[in-house]
Amino acid sequence: MSHDHGLPPKSSVSRWFLTTNHKDIGVLYLITALFFLVFGGTLALLFRLELISSGADLLGSMGYNQAVSTHGLLMVFWFISPFAFGFANYVVPLQIGADDLAFPRLNALSYWLYLFSGILMGVSFFQGTTFAGGWTMYAPLNTPAYIPGEGLGATSVVLALIMFTAAVTLGSVNFLTTMYRMRAEGLRMRDIPIFSLSINLTVWMMLFAFAALLAALMILASDHILGTTYFQYSIDGTTMATDADNPGASLLWAHLFWFFGHPEVYIVFFPALGVMAECFQTFTGRRLVGRKWFIISMVLVALQSFVVWMHHMFLTGINLPIKTIFMATTIGISLPFDLMVFSLIYTMAKGRVRFTTPFLFSLGALILFIIGGITGVFLGAIVLDYQFRGTYWVVAHFHYVMVAGATALFGGLYYWYPKITGKMYNERLGKIQFGVYFLGFNLLYFPMFIAWETPRRVFVYPDGLQIWHTMATVGGFILGASFLIMFYNLFVSLWRGEDVGPNPWEYATSAEWAVSSPPPLENFPGVPSYATGKLEFLDDETVVERTERAPGAAAHGHAATDGGTATDGGAVTARAATTATAMESAHEVSGEEHANHASFWPFLVSLGGFITFLGLSGVRTGSVFYLTMAAAGGVATIGSLVGMTREPFHAPEMAIAERWPFERVEKMKLGMWTFLASDIVLFGAFIGSYAFVRVAYGWTAWHHDLIPAEHVTMPGLINTYLLLTSSFLVVLAMVAAERESKRGTVAALAGTFALGVGFLINKGLEWNHLFHISTETFPSGWNLSTNIASSTFYLTTGLHGAHVTIGLIICAYMTVRAWNGAYQGDDRAIEYFGLYWHFVDIVWLFLFPLFYIL
Amino acid sequence: MAVSLITYATVVFPMHGGDVRAPSAVFDQIFEVFLLLGTAVGVVVVAYTMYHALKYRDDGGETDPYADKVERPEMGEMPTGGTGGRKVFYSFSISAIIVVSLIAWTYSQLLYIEQGPDPAQEEALEIDVEGYRFGWDFVYPNGHTTNTLRVPQDRVVRLQVTSTDVFHNFGIPALRVKTDAVPGQYTSAWFTANETGTYTAKCYELCGSGHSLMTTDVVVMPQDEYEEWYAETNGTAASGNETGQRIATEATALGGAPA
């Protein structure tokens, strides 16, 4: 039964660079996230040391600002979510009955992008100064004009965040596809274990929220590197800022950031809630009370999370009706949490509560969260919120919430440690850690409520508050020390720990506890099924029997012509996902014909991306070193992507699976659709940004003041026709492929390519003309930096142009493949490309009127 | 002559903000109620949680004391909910009522803070505030610009706040007034100070290396002293909008009058 998917053993270093297995990657995530916990935690201890007395005598003022800013960024982005996703990677496929994620190589790519984005963040410290404008990165302090020195470190941080966001987006697409296509038979969405369910809702929020953040970061990076002026504004000589050229600059950032930032709170907290619910069920020996309502509450929160963001901006001058609405939605979103808290409390009733380390952390997290929740209601009262704005009340409140989440996740680490390692940790040391941790936590954060009048991110405070700040500093060190106990315990237990069987916890129910610890590479001893209402593993014959009897339950009816190979590289470039026959898949499960699951490409793609971004951080200085690095990295990235696309990689769909509501959407297509959903938000955020700064400036004055008469409609109109025609040709290519006409397929794809190139050439001519106009109003051309209108025009249509370019690269690749005889009788790959291409065209149909007519 | 001028000024421009409810009083009242209730709810809920955790702790005995009341989960079962959901709803309803009624109660206070006292009752002093890295400029109706905010006691002061560079936030914590200073836009806030003395204004949004030290003095003066001071600043500045000129004239008129 056992096989290795072509992977070296775990003791070999190369295994960890080649692996695409979800359990390996889960472990990599956990270890990397803990590294960033130490990184961010050390920074926190540094500035807590600074705060032991008033004044910046240790770090200096910029050192202090860098420490608080990067502490926030590291903890929010590089520690807490990836830590949760370490568990998600490891546990979700096991809980839902899948043998891996839907796109294993994409999963590895997510991890490596995450790791390298963190390394880039680390490198930024060595580029003069790193980012020092707070983790919320308010504009225009986040633009080069206000960053001391060359500011390359700050640019690196922005780029690192973009890289991180790419990792998150790939991960979201992957998890959603997995959870909707690969659930064990009989497992409806509402039936999946609560941790997996929390991850499902988390990735939905991630898919959309991070797309908004990506837009914000891309615009910011463009301000840093290309010289656009979205987040900058200038003053017309006088003292008052009424003549700003871009009066919407600051609030544009605030809106984009908080539209992401508030869902991010739940993105961080939901997995922790899932872990708490799992631990409560297991260690109380009770099923989650009010489970249905718990789930409904989570769904409500996930939906509402996108309509509360302005409560972070109550003092920015928004009007009373809007404030009232956002006050109501904010209170509304707090209520489902009340229900969830009571659901957890009543789960203990009539239970057999065992105070193991994971339960102590879960119970501790619940208590901390209750305090965080109550202090959050204070912030819901706007009159109080006004005065709490920018003070330690906010700092204390969100640490009680966020770090309560982290507390639950540490419980999760103890909970799944025996599953992951096959060894039991030392219970006594675990309990001691909890005691030290809980003491340190409250000593650190509770005094902040008392000293709440201290403004955030300052190193000066009144003498009267010294005692509380000193107490917090001491608490910080105690909290930090508790991790030494944890690291020691978990490390030493790898050797000294007792061996555990499949299930060390009485009353655990979910499927990860039904297999050995650690689970075998293929996860299950047969095909998992809940069809009878209880987990069982089906053998090959039963699978075949069942799929023959009810073909609807099988993956898909027909066999693929090319023998069932599929690749998962780059959603679009990948070849058709295979719908293997039930028979083939059954063999697949039992491991009779296992393809190689080792791939070095995800690592190389990410390394290339890292070099590219590091190079990009310095290109504005014109330095040869940075330019070379950017170019070399770019070549390496594209080369690796091509290598990844060409590598044979076999990840078949499951023979029997529960797939509601996407029974008829195969996994490649579903992946494509989810990716496009996030892309819609990305473009939506760009278009929204344009509308926002234009309204702030004055909708009609904009056209009059900022846009030259030379900016005419005709090039845009021609391009509209070119793109629409090309969309039609993609449809023809599909028809030709279906009819098995090789000539027709090649001709239609080549035609699409030609029209796309025509689009880019026309755009190039137009831009070149506008760059070099010389009129009275615009004596030195109309380029990216000329004004806010030119910035929005070039960047938004440029983003679209980049989408066209990517589409053309894929189209060229597919034309060559069609020439060599591919796709005949199986047009699915063309269909996936077509989805993307039509989407790009539709986006243009929005951009054309916005940037050429209105 | 002097007497009639004073009478005239008091009738047309009533100067007293002393009977106006200060934002700090509103804040203190709400904060006290929230603290009291928040602490009570926190203690009750945490105690209730601990009660459940301890009461139902596993005593290590062989037999399950609740075997006849609840069913224990089994390995491999399909996840379902446990019994006892009704209590969740009761508790949830109580918490929802507390939260919603508390916030609803603060809403009327919010309307007061948003709109300020009835303009007919008071004659506000309007001051423009400009944040810059790393300090504040206060521009008076007569055009006088200073780094120290001087305001008369017991009078409504309305601030129009902006920034000339990055995002700041202007707050005088003791007087419970605070608003964002956003470049390119104005926000407004108001306050009255019932006690004379020197307070501190601070920046509440990270704005760069000098953020921690971006503080300035706010001096609340007796009205007559303020008028005297203001009259002296008047010589240089002829500019100012209509309101500004009116207030300036009025200040001049009151300048030599006994309080």
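**Figure 1. Packing of helices α2 and α4 in chain A of the predicted model.** Helix α2 of chain A spans residues 22-50, and helix α4 of chain A spans residues 104-123. The two pack at an angle of about 15°. Their axes lie 10 Å apart. Because angles under 35 degrees count as roughly parallel, α2(A) is roughly parallel to α4(A). The crossing of the pair is left-handed. From α2(A), the contact is made by A:H22, A:I25, A:L28, A:Y29, A:T32 and A:F36. From α4(A), A:N107, A:A108, A:Y111, A:L115 and A:G118 take part. By class, this contact of α2(A) with α4(A) has seven nonpolar and four polar residues. No charged residues belong to it.

Figure 2. A:R181 is 477 residues away from A:E658 along the chain. Even so, 6.8 Å separate the C-alpha atoms of A:E658 and A:R181. Leaving aside residues up to four places away in sequence, A:E658 touches A:R183, A:A184, A:E185, A:G186, A:L187 and A:R188.

**Figure 3. The contact between chain A and chain B.** Chain A brings 93 residues to this contact, and chain B brings 77 residues. Several helices of chain A each supply at least two residues of the side that touches chain B. They are α3 (61-96), α7 (249-284), α8 (291-304), α9 (320-347), α10 (357-380) and α11 (382-388). Helix α9(A) gives the most to this side of chain A, with 12 residues. By class, the side of chain A that touches chain B has 56 nonpolar residues. A further 24 residues of that side are polar and 13 are charged.

**Figure 4. Domains and fold of chain B.** Chain B is divided into domain 1 (23-115) and domain 2 (125-255). Taken over C-alpha atoms, the centres of domain 1 and domain 2 of chain B are separated by 45 Å. Chain B holds five helices and 10 strands. Of its 259 residues, 36% count as buried. Consider the contacts in chain B between residues at least 6 apart in sequence. Among these, 71% join residues at least 24 apart.

Technical notes. Residues numbered from 1 in each chain as written. Chains lettered and ligands numbered in written order. Predicted model: local features only at pLDDT ≥ 70, side-chain atom pairs only at ≥ 80, totals over all residues. Axes fitted to C-alpha atoms, helices over the stretch in contact; angles between N-to-C directions. Helix = DSSP H or I, 4+ residues; strand = E, 2+ residues; numbered from the N terminus. Parallel < 35°, antiparallel > 145°, perpendicular 65-115°, else oblique. Left-handed = near helix turned anticlockwise from the far one by under 90°. Contact = placed C-beta atoms within 7 Å. Nonpolar A, V, L, I, M, F, W, Y, C, P; charged D, E, K, R; others polar. Domains from an automatic or database assignment. Buried ≥ 20, exposed ≤ 12 C-beta atoms within 10 Å, placed from the backbone.
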